[in-house]
Amino acid sequence: RGVVGGDALPDERMRRRRDEPAAPRAHDPARDDPPDVAPGSPTAVVVSVGRGRVDVLSSDGHTVVEALLPDDLAATQQTDVAVGDEVALTSVGGVPRVLAVSARRSVLARPDPANPHRLRVLAANIDVAVLVLSCRRPALRPGLADRFLVALADAGAAPLVVANKTDLLDAAERTSVDEALAPVAALGVPVVPASTHTGEGLDALAAAVRGRRAVLVGHSGVGKSSLLNALDPAGARVVGVGRTGDGKGRHTTTRSTLTRLPDGTEVVDTPGVRAFGLWRPDDDALRAAFPDVVRHAAACRFRDCSHVVEPDCGVRAAVDAGALAGSRLASWTRLIAERGD
Ligand code: GDP
Ligand code: ZN
């Protein structure tokens, strides 16, 4: 098969929590000591979440410390406290402890496999969500970009697509990659052809994330770690994973982790999207992510046209006329089928 491969199933979902409390939830404030872990500031940022504890980066950006979670937060960790959350700290008997979690401005989440009604938050307070695709090895999966946009429809984070490993393409393959991603670019989503080997696109990526908090999403092997290294060539990053001295390296993690670069850019690296199983898109997110299909559907004879078999279908007519990419209709049809109603 050529450069362009099939689609696969991520289920990471970027969704703004509408039910967030407006103010931080205090935990037992009367009993706790005043914060003493991040002097000069009451908050720190969660860089990783473990069992009953989190690692937090102090507000000066230089110190990672472990803080214990109170029982109520420990019971709902990954939902109520996640990487990227801002927390207020206190100290109990000299041990740092999370006092409260601030309201979030954006959330990357997926349904909990064990409890579909509960969200597992992969990262909070994200500015830019970067979908990293590989042009080849592994083959390009343009359908993943369509899913990504559905997942982001409600997230509160700006999308960006990186097509990495352009160095592996000849001119004809390059054209077919451009064509495969053209429908995404046509939606106004920045598409950055890139190569960590030749340096193509790395300045554009750096400019898009500089000084902001970005999350890297993508299957294993597409080049997320390589891109993160390229953003921080001097290797000057503040430790972003685990506790210092626990002997576990960056590559052993199976959780989201946050890395802060010297210029203040923060990058959250998430586990491969493939691991999470099925995710059901909802109607509003689907429609928001497929304005092109929705627009052509206005010309369908039937209001509830599925754009598969009905006569006088405006969407299929648009594909036939070359006004809509067939891959977009294929993604739409596949996502509708997975919705499973
Ligand atoms: P991750 O699993 O998404 O973090 O991917 P890695 O960054 O570990 O990269 C997976 C493999 O792809 C490694 O062997 C990298 O050396 C290779 N790789 C990363 N970027 C590029 C690129 O731009 N071009 C080529 N040819 N290989 C790359
Ligand atoms: Zn139709």
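The tour visits a few helix pairs and then a metal site.

This is a predicted model, in which local features need pLDDT of at least 70 and side-chain atom pairs count only at pLDDT 80 or more, while totals for chains, interfaces and linings use all residues. Residues are numbered from 1 along each chain as its sequence is written, chains are lettered from A and ligands numbered from 1 in the order in which they are written, and side-chain values use heavy atoms, leaving out hydrogens and water.

**Stop one: α2 and α3.** Select residues 142-152 for helix α2 and 171-186 for helix α3; they pack at about 15°, with their axes 9 Å apart. (Helices are DSSP runs of H or I, at least four residues, numbered from the N terminus; axes are lines fitted to C-alpha atoms over the stretch in contact, and angles run from 0 to 180 degrees between N-to-C directions.) That angle makes the two roughly parallel, a label for angles under 35 degrees. Now show side chains: P142, A145, D146 and L149 of α2 touch A180, L181 and V184 of α3, where contact means heavy atoms within 4.5 Å. By class, this contact has six nonpolar residues, no polar ones and one charged. (Ala, Val, Leu, Ile, Met, Phe, Trp, Tyr, Cys and Pro count as nonpolar, Asp, Glu, Lys and Arg as charged, and the others, Gly among them, as polar.)

**Stop two: α2 and α9.** On the α2 side, pick G143, D146, R147 and V150; on α9, pick S327, R328, S331, R334, L335 and E338.

**Stop three: α4 and α5.** How do residues 202-209 (α4) and 224-231 (α5) pack? At an angle of about 80°, with axes 10 Å apart. They are therefore roughly perpendicular, the word for 65 to 115 degrees. L202, L205, A206 and V209 of α4 meet L227, A230 and L231 of α5, and that contact divides into seven nonpolar, no polar and no charged residues.

**Last stop: the zinc ion.** Which residues hold ligand 2? Zoom in on C300 (SG), C305 (SG), H307 (ND1) and C313 (SG), which coordinate the zinc ion at 2.1 to 2.4 Å. Their spacing in sequence is C-x4-C-x1-H-x5-C. The four donor atoms subtend angles of 103 to 115°, so the arrangement is tetrahedral, meaning all angles lie between 85 and 135 degrees.

Key
Angles under 35 degrees count as roughly parallel, over 145 as roughly antiparallel, 65 to 115 as roughly perpendicular and the rest as oblique. Donors are N, O and S atoms within 2.8 Å of the metal (3.2 Å for Na, K and Ca); water is not among the atoms, so sites may look incomplete. Four donors count as tetrahedral if all angles lie between 85 and 135 degrees; four count as square planar and six as octahedral if opposite donors are over 155 degrees apart and all others between 65 and 115; anything else is irregular.
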